[in-house]
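Here are some questions and answers for a reader new to this structure. The sequence and the model come first.

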Amino acid sequence: MTRLWNAPTAFADEMIDGFVAANSRCVRRVDGGVVRSTASPVGEVAVVVGGGSGHYPAFGGLVGPGLAHGAAMGNLFASPSTAQVHATARAADNGGGVLLCYGNYAGDVLNFTAAQERLRAEGVPVATVTVTDDISSAPADERDRRRGIAGDLTVFRAAAAAAERGDDLDGVVRVARLANERTRSFGVAFTGCTLPGAATPLFTVPEGRMAVGLGIHGEPGIDETDIPTADELADLLVARLLDPAERPLDVDGLAGARVVPILNGLGSLKYEEMFVVYRRVAERLTAHGLEIVDPHVGEYCTSFDMAGLSLTLYWLDDELAELWEHPVDAPAYRRGSVLHAPARIADAAPAAPADAPVAPGDADSRDLAAVVARGVAEIATVIDAHVDELGRLDAVAGDGDHGIGMQRGAHAAREAARRTSAAGAGARTTLTAAADAWADRAGGTSGALWGLMLRSIAAELGDRGRPNAAAVARGVADAVRAVTAAGGAAIGDKTLVDALVPLADTLTTAVAEGLPLDEAGRRAAVAAARAAEGTAELLPRRGRARTHGDHSLGTPDPGAVSLALIAEALASLPSREGHPS
Ligand code: ADP
Ligand code: MG
C-alpha cells in the first residue's frame, strides 16, 4: 500500500523532482528523465536506459559514472514516450553514439524504437539491446520474446563499462548482447502492488500463497503454490536457473563456472528474509561446484510495494568478469571507487518551447479543425467515463494502467487540439498536434499506437478544403498499416488490431457503397464493438498480456474495448457537425 502522495497523476513527476534534488551529485533533470550531472569524455558512447517509474532504483538510481549516462523515466509502470526517450538520449549524447538498453516490453520497444528512428534521422548513431532475462516469460527457444527484470543491472553495467573503456558503439553492443545472453532470472511474489491513489492492488495473491514467475508490473505469476520455507524457495529458484536448458550455451559443466548471484527484493520484502534465503542459495550454488563472485542481496529493480523476490544468475566469462570490476558511483548503486568526475557544464537551458507558429489552414479546413478539436474532446469524455473499467480489464492479464494511460493521452490531445485549432490551424495540423501530445503524455504501448493512428488520419484530412468521406476511410486504413508495422500484431493476437481492422474494413466498404460518413461511421463502430467483445475468446499473443495468456480468457482486450468505445462516441459527430460528408 502507498500512503503518501499529493495528486496521484503528479506522483511520478514529483518523485523524479525529489530524486534529483536529493542526488544532484550524480544526476540532473532533463525533459524525459535524468542524465549524469558529471562530465563524460567527448566521443564516449552514451548508455541510455529507461522504462516506467515504480521500479526504483531502476532506472534513475542507476545513472552515474560506471553505469548509465541517462535514464528515460516514464509514468508509473508506463513506458516513457518517444519524446521522452529522444530528449534523454540527446541530453546524454557525448558525440560517440547512443546505446538504448531497456527491458523487453511492448510499450518500451515501440517508444524506444521510434526514438531511435528519430535520432538516426538527426544523424546520431544509435543501437539497441533489449534485456530478456526473465525465464518464466517465454520458453528457452524464444528468448527474444522474454521480458527484462532484475537482469537489467548486469547488462547495463557491462555496456557502461565497455563504453568507459573506450569501445565504440559496435563494441558496446557486442558486450551488452553477451551480458544479456549470460543473464537469467526467475522470481516469485507474495502480494501484488498498489499504485498511489488506487483503491485496490493490481493483482492479489491469496494469503499464504505464492505467485511463481512474477512480472515486475504487477502482472500476475504464471503459477501459484503454497508459500514454501525459505530453504525450499531457494532450492526452487536455483533449480529453475540451473536447468540445462537455461544455462548459457557455452557453459557445459557447472564445476568451476563463475556466477554473480543477485537476490533482488521487489519492494516490501525484508532484507533479513532475503539473507535467510541467500544463505541457502549460496550453499546450493557452491554444492554444484560453481564459483560465486561478488554476490548481491538487495533491491535493484522493484515493483512498487510488491512483496517478493527474484534470483538472477550472471554467468561470467573472462571479459565480463573484468568489466564487472569496473567501479560505479550511481545514486542507488556503488562499487569500487570512482575518480571524482567534474560536473558537466549543462548546455544552455533551451528556451521553453514557445508554441511554434502554425501554418494557417484555409477557411474550410479551419472549420474542420474545430470539429476535430470537438471530436478529440469527445474522446476524452468517453475515456473519463470508462477509465476504471478499462483499468480493471487491463489488470486481468496486463498491468492495470490502460484506463489512466488513455486518460492522460486523451486529455493532453484535447488540450493540444483546442490550442492548435484556436491558433488558426487546419484539420491536419490540429489532429497531428493532438496525436503527438497523446503519444508524448500517455506513454505505454497504447499511447504510441494512438499517436500513430491519429497521425495517419490527420495526413488524409489535409490543411486545405474539405476532405470527402473516402479520405477519412483511407486515413483509418492507413492507421491499420501504421499500427501493424510498428507493433507487429495481426488479427487474432488479442490486441486493439482486432477491433481496428473490422472498423477500417467496414468504413471503407460502406463509403465505397456511397453511404454518407455518419452512417458509414455508425456501421463501422458497430463492427468494432462486436469485434472487441469477440476478443474475450482469444488468447493474447502480443503485448505484456501475452505472458499470462489464459488468465484473460473470457475477458476482452482493453485496447480493443477502448477503441470501440471511441469509435462509437465519434460515429455520430459528423451528422451533428455537418462535416465532412
Ligand atoms: P501497456 O501494455 O504498455 O501497459 P496499455 O495498457 O495502455 O499499454 O495498452 C494495452 C493495450 O495495448 C492492449 O490491450 C492491446 O490492445 C494493445 N497492444 C499491446 N501490444 C500491442 C501490439 N503489439 N499491437 C497492437 N496493440 C497492442
Ligand atoms: Mg497496460
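**Contacts, burial and salt bridges**

Q: With which side chain does the side chain of Asp-167 make a polar contact?
A: A polar contact is a pair of N or O atoms within 3.5 Å; within protein, one must be able to donate a hydrogen and the other to accept it, and residues adjacent in sequence count only if both atoms are side-chain atoms. At 2.9 Å, the side chain of Asp-167 has such a contact with the side chain of Arg-165.

Q: What kind of model is this, and how are its residues numbered?
A: This is a predicted model, in which local features need pLDDT of at least 70, side-chain atom pairs count only at pLDDT 80 or more, and totals for chains, interfaces and linings use all residues. Side-chain values use heavy atoms, with hydrogens and water left out, chains are lettered from A and ligands numbered from 1 in the order in which they are written, and residues are numbered along each chain as its sequence is written, from 1.

Q: Is Asp-167 buried or exposed?
A: Asp-167 sits in the loop between α4 and α5 (169-181); helices (H or I, at least four residues) and strands (E, at least two) are DSSP runs, numbered from the N terminus. Buried means under 20% relative accessible area, exposed over 50%, partly exposed in between (1.4 Å probe, protein chains only). With a relative accessible area of 17%, Asp-167 is buried.

Q: Which side chain of opposite charge is nearest to Asp-133?
A: Asp-133 belongs to the loop between β6 (126-131) and α4 (152-164). Lys and Arg count as positive and Asp and Glu as negative, while His and the chain ends are not counted. A salt bridge is a side-chain nitrogen of Lys or Arg within 4 Å of a carboxyl oxygen of Asp or Glu. Asp-133 is buried and has no salt bridge, and at 7.3 Å the nearest side chain of opposite charge is Arg-143.

Q: Which backbone nitrogen does the side chain of Asp-133 reach?
A: Contact means heavy atoms within 4.5 Å. Leaving aside neighbours within four places in sequence, Asp-133 is in contact with residues including Arg-147, Asn-180 and Ser-185. At 2.7 Å, its side chain reaches the backbone nitrogen of Ile-149.

Q: How many residues of strand β5 are buried?
A: Two strands pair if DSSP finds at least two bridges between them. Strand β3 (residues 46-53) runs parallel to β5, joined by 3 bridges, and β5 pairs with β6 in the parallel sense over 6 bridges. Strand β5 (residues 98-103) is largely enclosed by the rest of the structure, because the buried residues number 6 of the 6.

Q: What is the relative accessibility of Thr-88?
A: Thr-88 is in helix α2 (residues 82-92). Thr-88 lies 5.3 Å from Gly-32, C-alpha to C-alpha, although the two are 56 residues apart in sequence. Thr-88 counts as buried, its relative accessibility being 0%.

Q: With which residue does Arg-466 form a salt bridge?
A: A search of the whole structure finds 31 salt bridges. In one of them, the closest N and O atoms are 3.5 Å apart, and Arg-466 is joined to Asp-364. Arg-466 lies in the loop between α12 (444-461) and α13 (469-487), 102 residues away from its partner in helix α9, Asp-364.
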